Amino acid sequence: MKIPFLSFAAQHEPIRGEIMEALGRVYDSHWYVLGQEVSEFEAAYATFNQSAHCIGVANGLDALHLSLLALGIGPGDEVLVPSNTYIATWLAVSYVGAVPVPVEPNPVTYNIDPQRIEAAITPRTRAIMPVHLYGQACEMTAIMEIARRHSLAVIEDNAQAQGATADARLTGSFGHANATSFYPGKNLGALGDAGAITTSSDEVAQTLRTLRNYGSRQKYYNEVIGYNSRLDELQAAALRVKLNYLPEWTRQRQQIAGWYNEQLTGLGNDELLLPLTAAGCTHVYHLYVVRTARRDALQQHLTEAGVGTLIHYPVPPHRQQAYAHLQPALGSFPIAEQLAATSLSLPMWPGMTEANVTAVASAIHDFYEGK
């Protein structure tokens, strides 16, 4: 049985008619930019995310970038970021001329460690950017308290965790401005690039709507130097349909993770480390990531067995050539480097059956049992 790392079939086929109707509605409307589909999706997603406002933008990186701009982060400022994250988190900080300051994660949950944040704060620190990595909520109550004590802005990177909660509150509703991505492979995925920002501040929301639209609130009148970063009407129409199914897809992801946990616990005398969730937090399993010192050999074994896997992420941002100017020494961020060397993402997608999970688990058992 071949198991792909990702398949859209079980999600997309049942709703194909609804999606095609939504796309046809846009085609027939003759209004293709910042129209009714965007405004209605923004309202629906704001309600879903328990936020006052949702501002649709072109992609998740733009969502991070514009959030920083709207909160006044700029040249010379420092922004605390996870040492282990997709590089987009760091790039957004660089775009505004600020400096990304890496903070190591909790080695158990892989999310930025609140106990390490305070030690990284300097007089130049202006913001904290927690990333809800792999779909698990960060410990936001502790992070928000640190931010309050030091008068720092908080921008959540919620690209992988729509629907996750920390202390019964949704990720993307804590920070001053919170970015998310609707890249097709995300838990709530568009049919191309798309993103959004959530906030409960009327002022921040108005600034963001101006920034995304050439710095203009009234056509041909430009108040600030803005950007062209508008959520597309076609993507918004598709996302409106998909948002209705997100709770069920999340339930399926959590069930699949439960099957993995049942079938993989204790392998290799516990050499294979399974995901753990922080107290008070939930996980929506954008990714199901295991860890092992024999990661590369396990990945090769699974490939030969017909099981697709990926590595998230093989090179941490501080080791990327793009950030060579920061001149970090090898070993500067040992937890991030260890995670990069040992993490492996197993197949995870709504529609996976228990039989699919059993096939993956059986191949992993074979690896540890030398078969």
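Before I go on, a word about the model. What you see is a predicted model, in which local features need pLDDT of at least 70 and side-chain atom pairs count only at pLDDT 80 or more, while totals for chains, interfaces and linings use all residues. Residues are numbered from 1 along each chain as its sequence is written, and side-chain values use heavy atoms, with hydrogens and water left out.

Now to the terms. Rolling a probe the size of a water molecule over the atoms shows where empty space is left. On a 1 Å grid over the protein atoms alone, a cavity is a set of points where a 1.4 Å probe fits but cannot get out, whereas a pocket is an open set with protein on both sides within 12 Å along at least five of seven lines, and lining residues have an atom within 4 Å of a point. Grid points are joined across faces, edges and corners, and a volume is the space filled by probe spheres set on the points.

The largest pocket has a volume of about 700 Å³. Its lining is made of 32 residues, and those nearest the centre are Tyr86, Gln160, Tyr183, Lys186 and Tyr313. Helix 4 (60–70), helix 5 (88–95) and strand 8 (177–181) each supply at least two residues of this lining; helices (H or I, at least four residues) and strands (E, at least two) are DSSP runs, numbered from the N terminus. By residue type, the lining divides into 18 nonpolar, ten polar and four charged, where Ala, Val, Leu, Ile, Met, Phe, Trp, Tyr, Cys and Pro count as nonpolar, Asp, Glu, Lys and Arg as charged, and the others, Gly among them, as polar.

Lys186 lies in the loop between strand 8 and strand 9 (195–199). Is Lys186 buried or exposed? Lys186 counts as buried because its relative accessibility is 16%, and buried means under 20% relative accessible area, exposed over 50%, partly exposed in between (1.4 Å probe, protein chains only). Leaving aside neighbours within four places in sequence, Lys186 is in contact (heavy atoms within 4.5 Å) with Ala159, Gln160, Ser181, Arg253 and His286.

The second largest pocket holds about 240 Å³ of space, and strand 10 (residues 216–218) gives the largest share of its lining, three residues.

The largest cavity has a volume of about 90 Å³, and among the 13 residues that line it, Asn84, Thr85, His312, Tyr313 and Ala340 are the closest to its centre. Its lining has nine nonpolar, four polar and no charged residues. Why does the largest cavity lie between domain 1 and domain 2? It lies between them because both domains give residues to its lining.

The second largest cavity has about 50 Å³ of space, and its lining, which includes Tyr110, Leu133, Pro275 and His283, draws at least three residues from each of domain 1 and domain 2.

How values were computed:
Domain bounds come from an automatic or database domain assignment.
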